[in-house]
Amino acid sequence: MIHSLFLVSTAGHIFLEKHWKSVISRSVCDYLFEAQGKASAPENVPPVIATPHHYLISVYRDRIFFVAVIQTEVPPLFVIEFLHRVAETFQDYFGECSEASIKDNVVIVYELLEEMLDNGFPLATEANILKEMIKPPTILRSVVNTITGSSNVGGTLPTGQLSNIPWRRTGVKYTNNEAYFDVVEEIDAILDKSGTVVFAEIQGVIDACVKLSGMPDLTLSFVNPRLLDDVSFHPCVRFKRWEAERVLSFIPPDGNFRLMSYHVNAQNLVAIPVYVKQNVSFFETGSSGRLDITVGPKQTMGKTIEDVVITVHMPKVVLNANLTTNQGTSTYDPVTKVLVWDIGKLNQQKVPNLKGSLSLQSGAPRPDENPTLNIDLRIQQLAISGLKVNRLNMFGEKYKPFKGVKYVTKAGNAGPQREQRSTFFCWNLFE
Amino acid sequence: GRWSICGITGNFTNICVKISLSCRHDDLKEMLDSNKDSLKLEAMKRIVAMIARGKNASDLFPAVVKNVACKNIEVKKLVYVYLVRYAEEQQDLALLSISTFQRGLKDPNQLIRASALRVLSSIRVTIIVPIMMLAIKEAASDMSPYVRKTAAHAIPKLYSLDPDQKDQLIEVIEKLLADKTTLVAGSVVMAFEEVCPERIDLIHKNYRKLCNLLIDVEEWGQVVIINMLTRYARTQFLNPNANVSVSAEGKEDKVEAAALVVKRKPYVMDPDHRLLLRNTKPLLQSRNAAVVMAVAQLYFHLAPKAEVGVIAKALVRLMRSHSEVQYVVLQNVATMTIKRRGMFEPYLKSFYIRSTDPTQIKVLKLEVLTNLANETNISTILREFQTYIKSMDKDFVAATIQAIGRCATNIGEVRDTCLNGLVQLLSNRDELVVAESVVVIKKLLQMQPEKHSDIIKHMAKLTDNIQVPMARASILWLIGEYCEHVPKIAPDVLRKMAKSFTNEEDIVKLQILNLAAKLYLTNSKQTKLLTQYVLNLAKYDQNYDIRDRARFIRQLIVPTDKSGALSKYAKKLFLALKPAPVLESPFKDRDHFQLGSLSHLLNAKAGGYQELPDWPESAPDPSVRNVEVKYPTCSMNIEQSSTEEQKKSTKSKEPKDRSDSESEDEEESSTESSESESEEESESDTDAKKKKKVLLSISINHTLQGTSLRYYILKKWRIYVSFCVALLLKCSFPSPQAASPTCGPLKTYELLHRITGEGLAVTYCFSRRPFTGDPHMVSVQIQFTNNTEVEARSLRVLEPKLQSGMRIAEFPEIDVLPPGEISTVVMGIDFCDSTQAANFQLCTHTKKFFVTIQPPVGELMMPIFMTENEFKKEQGQLMGMNEITEKLTLGEGCRGDHVIIQRVISTANLSRVPCGSAMECRFAGKTVTSGSLVLVTVVTKEERAAQVTVNCEKMLIGTMLVKDILQALSQ
């Protein structure tokens, strides 16, 4: 399946190569560079490139191209999903997935890749299994290892590899047994110029950090599971229980993992928590323009909107912006043509406003489109979908764990006219 | 001068770099040679870092390969990494490491066995193909499922190295396909797909098992299995939409006619087809996009139309994943929307484009939106398109205009709206937008030109401003084609074009010629001279296409005396009614590729792509998938199957009960049991006969009551088997002394014929008793017969001539052997585990005779006791080169276990190892000198086929022993 892997920086530097079959010359990456040259941005490089003898399937992540070289038919998603899994594993091991961290840990990276694929077919991709075979680097361990010469590599087969719950290792022990669940929600909305909602949806994930001894069997139930329209699960979740009872029943992996992703039906009206009035105009003469943006809270159910950031992608002809604001700071990058207005907290009393003039390239035709606005924000203690976790029960172990649920929402995708993203945050401990 | 200097400096740096490199390598070599593991590890880490960067480290090969057996596991692993990388380049040196892996294959630690196999099979050196083959065969029956999984992975490796091994590899695949563990399933199907995807027959018996295991297989295996099963289902089941598609679409007249002629039976879905659909559905909820896509394509290709809808929601979910995932999913959705538009209509808005989407995603979403457009939603879509046209991304805008054009051609109601919208775009500030609009308008106008002469006029004016060649060409073509609708403007446009002719692009020039020709034919009065002028310009153009066109047109339209018959038809030729272009989706008919595949994405067959077969006209025999419930053949199996059954019954309590719903489980078990019942009837006869025979032979020997037969038939398996085991233990586990009588009289060999011995006859036999005094010697019993009339005195051994290492313990001298008397003595010979002869002289008081004792290989060993488990364990460590297997046909008289046992034991001094299976006999022993284990397994199969396996560290002994046993059994 996967013949070779090349890691390429955005600058076109191949800083790691690994071959699972015969060696393929790194010149095969030239086809990628060619495609990169044609594309306006790295994101625009096609994920699948056919070359005379090979196929390149790549993902672009954390400013690195993960390029898999393929020789025969294979489902492209298979490779793409695997490459993302590789990137996630690096992230998990080294805290970040970057050229520097990969270069610093090149031996561990190699050992990982060796375990993750055999002859180009995935072998062990579960974090729990990998960590038993290859220990993640810590400063203490590397010091100890240099002194004692002991190794980072396990000598026995990880227990999970053979069990029918491969995601969990056996013999887990903690002094403090704790299980935390983050309910992360995201509004993804497209609004038109007048502020009408064109499209809005809420997506969410439940990320878990479970540090429990032994083999706990957990059941998580919701107050209002009917809200969930579409779901996808970590393999540990018993689908049958969900179908029948709408509860999440699972033996968790050890550590951090994504328990489920969900989608809240868009027909449940999505309340957009802010309003934005924008007026960007370009004058016919004098190569200049005006900008006036006002943001205010709306439908916040008494909660404060925080960390509001508005990003505007300006047309190419906008050379500079001379803007003043009554709240926060604004910066315009004339190279990327991006205007960022960092507002902070929204108050009921004062309505933030940004206005000023834009200077355009002289002689260039007046841009006829209104630029797109992207809005980032965060509201504490407000769950936009209203999803609530009811209980977490544990079976199979006798100790009493410490349990907690946190509601967080992170940034979503951007929209064409205007786009609003909200982040919600609240803490809610079980009784 | 300058260049050469540069060259020299360049060389200098090169040399410097080389020196420093080799210095560093020396340093690494030193570290690798040291005794300290920490230094070795450091060196290996640096070398691996070099490999990772793509630097050449091949000159370190000898130094690295030495450490292949290093105790430190991390060093060892890194050496493996190095070895796999460079073995192909340094084949000879790589061979040095092979023995380490062979040893590793026998390690009690399954991780080490597996990694030894992984590395061994990754070394791409053709010489070791036989070793790899043996290792894979071994590992395929390893007790650890992890090792078996590794074996499955090794199969494609060996296949790519030597495709001639295909037949043997298919045997291994067949064996592994029968494996019941989820760990192996995905890997072996992967091997199947790479080695023998055409052998669909191998799947039949495993089909239901694969369906039922699917949910518990790891994600990657699921993808491979689902894709394979899609193909399988297409060959085995009937098209669930056969009737529907005919009546609903009615496009394919042929099919309709055929359907009318052949009255089909009402369609009933094969339960196995249903099983597949039911068991894959929960996987739509997988977190892995590849799994979701695999299920989606399975439903698209296999499910009844009414059920395909379930995949839409899952695919829309993938749209929120990484952009690469979106890219692939959108391509597939685009293909699906053409065939099954209704499915995605509820999710229309999920395909709305965001400004931050990469261009390639935008274009694909546009494609999907266009495919989804119909009378009811077109106004919404057009409104959305209007905003896209304002985008800063010009490629995207162009694609949007194309999309509007396609909507307009597909949906008659909005054609005018679209056309008006596009005409408005003609006054857009951006030339690219205008140009694209012109091209699209041209296509639309072709459908009903008479209604839109004002638009044509409008466009004619554009020729003054618009510079994009494609747009200019389109306008000129339009005016030429419909010059009768704009009779006043057309000649004027030609006039302008004649002026600018020389500065135009080639495609524009060609259209000017066309325009001129058409005008000449319709309005020659006004345009004759202009046309002549343009033709003359074209005659001397640089481009030969244009020169050719000019010559052609002149001949055709300008009447001369030479002009042929064709010119009469010039008008018909040029102004024939042209069919309007069909604006089609590039994704049309792409579904003949299996969705989700690379080939589908590229719209071209990729190497190794397996065509998705067409549904069969009539379903092949479904009974091929029935699995015979095999009678357990040994006690071990019974344990396993019973626990499995328990598992099944307690499945709902177990953590992994995600699979199928309870009712399904019941259904399954009920069908299974009914199957087993029906088969029992047919099978029980023959099977029972076999068993009876075994049982009878035992019962005769041990006066077993016939009643136990009934027991057996009453399926009291456990009792029966344990009984048999006990009996077998009894009969084959006497003390070694007692073992010899069972093999009949000892074979005697002649040492000295009485004629050569001048009356003294000497024979010998291998008594098979341990030689007292030296356990490493084989005891040889020698019998002297004095056939003379006189006494023979002082019979003794003299001057033994032995191969190095061999020893003889002489028998005590026989002082007197009276005439006619017989005397027996025992001597010990250490043959050093070889069949080399022991030469010595036999002396009497008067004569010397040269004699030779050559042992048959079977006598070089002595029996040892082992339990079944010990045997299996030991056997597991004597794999690979140490195992020799031969097939044979049993001889006429060689029926039944006891005969086999007797013949084997008479051939070799081994003891019987208990074994629950009636089809298998096992024997164990060890060589006398070195104590190496000798394990023999005889497996009998149907008819008279059998297979002998010898596991022994001493390969020579193994080989010879197999030969001897073969001979003994085939007599």
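The model is predicted. Over all chains, a search of the whole structure finds 24 aromatic pairs. In chain A, four strands form an open, antiparallel sheet. Helices H17(B) and H9(B) are both mostly covered.

**Aromatic rings**

- A pair of aromatic rings is described by two things, the distance of the centres and the angle of the planes.
- Among the 24 aromatic pairs is that of Tyr764(B) and Phe766(B), with ring centres 5.8 Å apart.
- The planes of Tyr764(B) and Phe766(B) stand at 90°, so this pair is edge-to-face; planes over 60 degrees apart count as such.
- Tyr764(B) has a relative accessible area of 5%, so it is buried, the limit for that word being under 20%.
- Phe766(B) also counts as buried, at 2% relative accessibility.
- In chain A, one aromatic cluster is formed by Phe66(A), Phe90(A), Tyr93(A) and Phe94(A).

**Charges over rings**

- Arg340(B) has its charged end over the ring of Phe300(B), at 5.4 Å from the ring centre.
- Arg625(B) lies over the face of Tyr207(B), and here the distance to the ring centre is 5.6 Å.

**A sheet in chain A**

- Strands of a sheet pair through backbone hydrogen bonds, and the pairing is either parallel or antiparallel.
- The order of the four strands in this open sheet of chain A is S14-S15-S20-S17, with antiparallel pairing.
- Strands S14 (274-282) and S17 (318-325) of chain A each have a single partner strand, so they stand at the edges and one side of each is left without a neighbour in the sheet.
- From one strand to the next, the twist averages 15°.
- S17(A) and strand S20 (residues 353-360) of chain A run antiparallel and are joined by seven bridges.
- Opposite Leu323(A) stands Gly356(A), a residue of S20(A).

**Two helices in chain B**

- Helix H17 of chain B (residues 289-302) has 14 residues, which at 1.5 Å a residue should span 20 Å; its end C-alpha atoms are 20 Å apart, so the two values agree.
- Of the 14 residues of H17(B), 14 are buried.
- Asn288(B) caps the N-terminal end of H17(B), with a side-chain oxygen 2.8 Å from the backbone nitrogen of Ala290(B).
- Helix H9 of chain B (residues 145-161) has 17 residues and should span 24 Å at 1.5 Å a residue; the end C-alpha atoms are 25 Å apart, which agrees.
- In H9(B), 15 of the 17 residues are buried.
- Ser144(B) has a side-chain oxygen that reaches to within 3.1 Å of the backbone nitrogen of Tyr146(B), at the start of H9(B).

**His19(A)**

- His19(A) belongs to strand S2 (residues 14-19) of chain A and is buried, with a relative accessible area of 8%.
- Between His19(A) and Ser4(A) there are 4.3 Å in space, C-alpha to C-alpha, although they are 15 residues apart in sequence.

**Positive phi angles**

- Most residues other than glycine have a negative phi.
- Arg246(A) is not a glycine, yet has a positive phi of about 60°.
- The loop that holds Arg246(A) runs between helix H7 (239-245) and strand S12 (247-250) of chain A, and Arg246(A) is partly exposed, with a relative accessible area of 34%.
- Glu758(B), a residue other than glycine, has a positive phi near 50°.
- Glu758(B) is placed in the loop between strand S1 (748-752) and strand S2 (760-770) of chain B, and at 45% relative accessibility counts as partly exposed.

Conventions
Residues numbered from 1 in each chain as written. Chains lettered and ligands numbered in written order. Predicted model: local features only at pLDDT ≥ 70, side-chain atom pairs only at ≥ 80, totals over all residues. Heavy atoms only, no water. Phe/Tyr/Trp six-rings, centres within 6.5 Å; stacked < 30°, edge-to-face > 60°. Buried < 20%, exposed > 50% of the residue type's maximum accessible area, 1.4 Å probe, protein only. Lys NZ or Arg CZ within 6 Å of the ring centre and 35° of its normal. Pairing = 2+ DSSP bridges. Axes fitted to C-alpha atoms, helices over the stretch in contact; angles between N-to-C directions. Expected span 1.5 Å × (residues − 1). Polar contact = N/O pair within 3.5 Å; in protein donor to acceptor, adjacent residues only side chain to side chain.
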